[in-house]
Amino acid sequence: TAVRAAVVTGAGRATCAGMQMQVLRDLDPASAKALISGLHDAIHAVHEAPFPTIGMINGACLGAGFELAMACDMRVAATGALLGLPEIRVGIPSVIEAALLPALVGPGRAAEILLVGAPVSAAQALEWGLVNRVTPPEALTSTTEALVESILENAPSAVRLKKELIIRWRNTDRRTPIE
């Protein structure tokens, strides 16, 4: 209960530029399954964290890194950031957590991101509801910190209860009442 919020980001010029093709090319079926399962478990842990998670997107955010960002409760992007799942362009489907996309942007926009493979700009991501804030790169950290601070101003127990409810909403068929 000590963690009240977490920020997930990348180092350097990119949040995640995607998987190197050489790594994927050398995998046998068993090691590919292990890699995908490990990535799924890590992304799922962020998505189901009992505290708010914020993705701070400092540059390119592609492939599994984009799926990790989608697992966060909120996302803040630098103006030059590009987000997407370009792996289809080299014959690889998005199989880890691409299912998070329709809830964020709707089925039509999700289909476009998944089937075209072209990255979405930060401005487009904001318009589509994929990110919560877009800011110049030099203000990315301060903008993200301000968002975190606005969460921390609330009672910790209330934030945890709200996060539990958010997780239940995500995992509930909307036609079925929450008990």
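Proline 136 is partly exposed, with a relative accessibility of 38%, where buried denotes under 20% relative accessible area, exposed over 50% and partly exposed the range in between (1.4 Å probe, protein chains only). The structure is a predicted model, in which local features require pLDDT of at least 70 and side-chain atom pairs count only at pLDDT 80 or more, whereas totals for chains, interfaces and linings use all residues. Residues are numbered from 1 along each chain as its sequence is written, and side-chain values rest on heavy atoms, with hydrogens and water left out.

Proline 136 is located in the loop between β8 (133-135) and α7 (140-152); helices (H or I, at least four residues) and strands (E, at least two) are DSSP runs numbered from the N terminus. Its C-alpha atom lies 20 Å from that of alanine 17, a residue 119 positions away in sequence.

The largest nonpolar core comprises 26 residues, of which Ile57, Phe66, Leu83, Leu101 and Leu130 touch the most other members. A nonpolar core is here a set of buried Ala, Val, Leu, Ile, Met, Phe, Trp, Tyr and Cys residues joined through side-chain atoms within 4.5 Å. Two or more residues are given to this core by each of α2 (29-47), α3 (64-71), α4 (101-105), α5 (107-116) and α6 (122-128). The greatest contribution is that of α3, with 4 residues. Apart from this core lies another, of 10 residues, including Ile54, Ala78, Ile151 and Val159. In soluble globular proteins, nonpolar side chains tend to be buried together.

Valine 120 belongs to strand β7 (residues 120-121) and is buried, its relative accessible area being 7%. When neighbours within four places in sequence are set aside, valine 120 contacts Ala81, Leu82, Leu83, Ile113, Ala125 and Trp128. Valine 120 and histidine 40, 80 residues apart in sequence, are separated by 23 Å between C-alpha atoms.

Helix α3 is mostly covered, with 6 of its 8 residues buried, namely Gly65, Phe66, Glu67, Ala69, Met70 and Ala71. The axes of α2 and α3 are 8 Å apart and form an angle of about 25°, axes being lines fitted to C-alpha atoms, for helices over the stretch in contact, and angles running from 0 to 180 degrees between N-to-C directions. The two helices are therefore roughly parallel, a term applied to angles under 35 degrees, with those over 145 counted as roughly antiparallel, 65 to 115 as roughly perpendicular and the rest as oblique. Leu39, Ile43, Val46 and His47 of α2 meet Ala64, Glu67, Leu68 and Ala71 of α3. By class, this contact has 6 nonpolar, 1 polar and 1 charged residues, where Ala, Val, Leu, Ile, Met, Phe, Trp, Tyr, Cys and Pro count as nonpolar, Asp, Glu, Lys and Arg as charged, and the others, Gly among them, as polar.

Histidine 47, a residue of helix α2, is buried at 12% relative accessible area. Beyond its neighbours within four places in sequence, histidine 47 contacts Ala71, Leu100, Lys163, Ile167 and Arg170.

Definitions and conventions:
Contact means heavy atoms within 4.5 Å.
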